[in-house]
Amino acid sequence: KTQVFGTEQEMWSRSSSLLRGSAASAALALGCAIGATTTTGGHQSLSSYVLAPSSALPPSPLVAMCEGKDAINMNSSATVEEGLTTKRMYFYSSPSPPPNTVLFALPSSKTLAKDTAKLLQLPLGKMQVGSYADGETALQYEAPIRGKHVFLFCSTVSSNSIIQLLLSVSAARRASAKTVNVILPYYGYSRQDMKRKREPITAADFALMLREMGADHLLTLDLHNDSVLGFHDPNSVTVDHLQATSVAANWFAEEVGGQDGDVVVVAPHEGQVARANHFRSRLARETGGDVGLAFISKSSKSRGEELSKPLLVGDVAGKKVIVVDDIVSSGETMERAAILAKDAGAVAAYGYATHAIFSTPDSRSRSAKELEFLLVSNTIYQETMPEGVKRLSVAPLVAEAIARVVGKGSVSDITK
């Protein structure tokens with residue numbers, strides 16, 4: 001099979017838990033009660049990912065249906081949304097499609113699901129998702145999934161997406177799927193990971209919901225805090241945590257460089273130092289250069305407390321800096337980090353954030369205002385990208401993880 005990535009053409013040889021009655025009902029009720037914020041650009045075309053146009057569906061009681069119903073036609077000449085890929089295939093190496101496996105996409109992750117299905121040489125399963133006239137969520141798998149390994153893509157960017165995911169897991173379990181695997185590109189509520197004054201630990205509560213609805217396995221990308229992994233009972237739901245920053249580091253190695261020792265990776269606050277260091281290590285390995293590390297100190301003791309004056313720790317004078325974060329929401333953090341770096345003598349500032357939420361209209365223009373450009377991944381579906389923002393596909397990483405999960409291979413080794 002030939003896949004085209006940018007200007008290079010490379011040849012790749014490809015030779016249970018059951019629901020527990022009242023507990024599940026309680027989990028669903030909790031899911032209904034919580035809410036979250038809702039929310040492509042580049043010179044390389046994602047031309048290897050080809051999608052078929054939407055096909056007509058049979059009559060249905062649903063008022064609205066998501067594009068998860070679209071199937072992939074491997075021989076189609078239609079194009080997919082524009083986005084970036086690395087020039088080389090760093091992560092995906094599985095020789096054949098995983099057996100007895102079917103993928104489904106809910107609306108918040110349909111772009112990533114389509115890209116992943118194309119790489120795996122699998123059709124994207126058809127399902128209807130929408131609402132009844134009274135506003136209740138309605139969904140239906142259009143084909144039998146009994147005895148199948150089901151993989152559900154859904155970034156939990158809103159309370160509605162959480163309910164869609166929980167009901168999809170439940171429906172798959174009731175339809176006798178062999179395993180129900182949740183691909184959670186963006187783990188919503190992951191920032192609510194500790195108890196404050198009379199507040200829920202919502203990240204933990206969501207883990208309970210997934211368990212009670214019958215999920216077997218969870219695969220997620222770039223958690224805000226690794227402590228979220230501990231909220232999942234390994235006897236019920238096993239978890240694999242993928243580092244999407246590895247894909248971004250490889251892309252920056254190809255496009256920005258670092259072999260001349262002129263790049264410094266900047267963590268925008270103390271909590272992102274480990275992620276920035278992982279990015280720096282990957283970039284240094286790919287370029288063979290001496291890549292520096294700096295961070296911005298902006299600690300506060302509790303929510304709502306006024307932040308101390310941000311301080312850039314590290315030498316960036318005369319360097320190109322790459323600000324690395326997991327989430328871009330308001331855009332303020334990226335903007336402040338870029339300004340501080342330039343004031344300290346940086347010659348250029350770039351940004352990377354795995355999850356593009358863009359919580360306000362202003363954030364879409366603000367995020368890349370002080371940057372050469374901001375790179376984000378396709379973990380969250382976006383109709384368009386703001387000016388100065390580029391979208392990178394992490395599908396090769398997810399595709400390889402799915403193949404290894406089905407084949408019982410090591411997932412943690414993918415990004416080593």
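Buried means under 20% relative accessible area, exposed over 50%, and partly exposed in between, with a 1.4 Å probe and protein chains only. The model is predicted: local features need pLDDT of at least 70, side-chain atom pairs count only at pLDDT 80 or more, and totals for chains, interfaces and linings use all residues. Residues are numbered from 1 along each chain as its sequence is written, and side-chain values use heavy atoms, with hydrogens and water left out.

**View 1. Threonine 245 in helix 5.** Threonine 245 belongs to helix 5 (residues 245–255). Helices (H or I, at least four residues) and strands (E, at least two) are DSSP runs, numbered from the N terminus. The relative accessible area of threonine 245 is 0%, so the residue is buried. Leaving aside neighbours within four places in sequence, threonine 245 is in contact with Asp222, Arg275, His278, Phe279, Val324, Tyr352 and Thr354. Contact means heavy atoms within 4.5 Å.

**View 2. Helix 5 against helix 6.** Helix 5 packs on helix 6 (residues 273–287) at an angle of about 40°, with axes 9 Å apart. Axes are lines fitted to C-alpha atoms, for helices over the stretch in contact; angles run from 0 to 180 degrees between N-to-C directions. The two helices are therefore oblique to each other. Angles under 35 degrees count as roughly parallel, over 145 as roughly antiparallel, 65 to 115 as roughly perpendicular and the rest as oblique. From helix 5 the contact includes Thr245, Ala249 and Phe252; from helix 6, Arg275, His278 and Phe279 are among the residues.

**View 3. The open sheet 3-6-7-8-9.** Five strands form an open sheet in the order 3-6-7-8-9, with parallel pairing. Strand 3 (101–105) and strand 9 (238–242) stand at the edges with a single partner strand each, so one side of each has no neighbour in the sheet. The twist averages 20° from one strand to the next. Two strands pair if DSSP finds at least two bridges between them. Strand 8 (residues 217–221) pairs with strand 9 in the parallel sense over 5 bridges. Leucine 219 has aspartate 240 in strand 9 as its bridge partner.

**View 4. Strand 10 between its partners.** In strand 10 (residues 263–267), 5 of 5 residues are buried. Val263, Val265 and Ala267 point one way; Val264 and Val266 point the other way. Strand 10 runs parallel to strand 13 (residues 320–328), joined by 4 bridges. Strand 10 also pairs in the parallel sense with strand 11 (residues 292–297), over 4 bridges. Valine 266 stands opposite valine 323 in strand 13, and the bridge partner of valine 266 in strand 11 is alanine 294.
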